[in-house]
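Sequence and structure come first, the pairs after.

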Amino acid sequence: MPTDQDHRTARRVGDAGWVREALARHWGPAWGAVPPRPLSGKGGPLPLTHTAGLWRVEHRGDIHLFKVQLEPAASRGPAFPKLKDRVMAHCAARGVPLARAVPTLSGAPAAWQDGHPCEVVPFVAGTAAAAPSPAQADAVTGAGLALRAALDEVPTALAGQLAPVRLPRLVAEEDWRRALADAEARLLPMARRRTDRWGRAAARALSALVDAAPMLHAAALDPTPDRLAVVHGDLHHHHFLLDDRSAAPADGDPVTQSGARATVPVGASIGSAPSGGPDRPRVSAVLDFDNLHVGDRLLDLAWIAETAGRVPGGPSRTREALTRFREAARRAGLPVGDHLPLLMPVLVAHAAPVVVDIAKDILERDILSPAWLSYFELLDTARRTALHRLLTG
């Protein structure tokens with residue numbers, strides 16, 4: 001990846017002028033011709049990511065997304081972008097719908113500007129569904145399982161190169177056991193003493209986590225060799241864009257998960273997801289491969305099961321959606337049947353350090369970001385505990 005440490009300008013990292021300069025320098029002058037428009041950024045309302053800046057970029061009539069990693073701790077290092085692109089190329093060749101990075105002038109999938117990694121990807125039309133219809137849930141399940149099957153076939157040599165590239169350390173305590181112990185002994189009492197909405201939100205999140213402790217301690221959470229594989233690691237519902245008119249706004253214009261109007265550029269690397277017919281929802285793209293790593297493949301399966309379980313209508317509708325998930329996984333030859341009791345424990349253990357760290361931001365550091373409430377909803381332990389009961393019946 002090209003590295004640029006040129007500090008001749010006084011532009012602030014991640015602002016519009018800085019982004020325009022990065023585009024022109026690494027992708028070509030035409031990329032900086034139209035002023036970029038921010039989609040979200042660090043500290044903005046309900047950001048898609050609280051560690052990066054995201055910008056809408058027009059290039060010769062097509063719309064793209066420029067992403068700059070603002071937090072040094074979140075960077076995966078110079079080797080990661082090429083490895084990520086190779087894994088994504090492998091998955092796209094197997095029909096997984098995704099948008100690969102637009103190469104820089106040097107042909108690299110990403111560039112460094114003033115020490116910050118940047119990339120440009122096609123801006124894909126679609127919506128993310130927090131409460132999907134059964135058909136939408138089935139579409140997400142199909143695309144997610146297709147991705148999981150493709151990741152199981154990543155060449156051994158490529159997986160071996162990715163294995164030492166560890167995930168960024170974004171929380172102080174990464175071990176779920178110690179995080180859970182801190183939640184029960186110290187943080188939950190602090191939250192219950194606080195009477196504002198932030199204290200109540202932290203108390204709900206921590207209480208559900210503490211209640212899930214028996215489920216976690218009873219599960220075999222350390223992955224066995226047959227469970228180790230290349231893992232997407234972040235397959236929540238925001239990362240599946242549905243090309244579905246029923247999910248579009250009243251004017252019929254498709255939107256991205258950010259709420260901005262979008263189109264699919266001609267020639268973008270978008271595959272086709274499995275669908276049940278021409279009028280059924282389909283996934284236009286699976287997003288955000290930044291957490292690719294070698295780890296427990298059950299994590300991806302657990303995320304997919306949770307999205308299937310988000311269908312509204314009560315336990316009976318949820319149970320039906322989970323049954324369809326199990327049947328689809330069985331048809332795909334994926335190891336779900338024997339591992340159903342582990343799916344939600346794996347997901348809760350994965351999220352526990354994040355939930356606890358957000359609670360620390362609220363209770364100890366007095367960092368009151370609107371994003372925290374969205375993360376509490378996304379990582380809701382109570383919902384996952386209920387899904388665990390339905391999965392294990």
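In this predicted model, a search of the whole structure finds 30 salt bridges.

| Salt bridge | N to O distance |
|---|---|
| Lysine 84 and glutamate 119 | 3.0 Å |
| Aspartate 85 and arginine 100 | 2.9 Å |
| Aspartate 152 and arginine 297 | 2.6 Å |

Lysine 84 forms a salt bridge with glutamate 119. Because lysine 84 belongs to helix 2 (residues 80-93) and glutamate 119 to strand 5 (residues 116-122), this pair ties together parts that are 35 residues apart in sequence. Lysine 84 has a relative accessibility of 8% and counts as buried; glutamate 119, at 14%, also counts as buried.

The side chain of aspartate 85 meets that of arginine 100 in another salt bridge. Aspartate 85 is in helix 2, while arginine 100 sits in the loop between helix 2 and strand 4 (111-113), so the pair links parts of the chain 15 residues apart. With 16% relative accessibility, aspartate 85 counts as buried, whereas arginine 100 is partly exposed at 27%.

Aspartate 152 and arginine 297 also meet through their side chains. Here the link runs from helix 3 (residues 134-152), which holds aspartate 152, to the loop between strand 9 (293-296) and helix 8 (298-308), which holds arginine 297; the two residues are 145 residues apart. Aspartate 152 is partly exposed, with a relative accessible area of 27%, and arginine 297 counts as buried at 15% relative accessibility.

Salt bridges with shared partners also join Glu306, Arg310, Glu377, Asp380, Arg383 and Arg384 into one network.

Note on methods: Residues numbered from 1 in each chain as written. Predicted model: local features only at pLDDT ≥ 70, side-chain atom pairs only at ≥ 80, totals over all residues. Heavy atoms only, no water. Salt bridge = Lys/Arg side-chain N within 4 Å of Asp/Glu carboxyl O. Helix = DSSP H or I, 4+ residues; strand = E, 2+ residues; numbered from the N terminus. Buried < 20%, exposed > 50% of the residue type's maximum accessible area, 1.4 Å probe, protein only.
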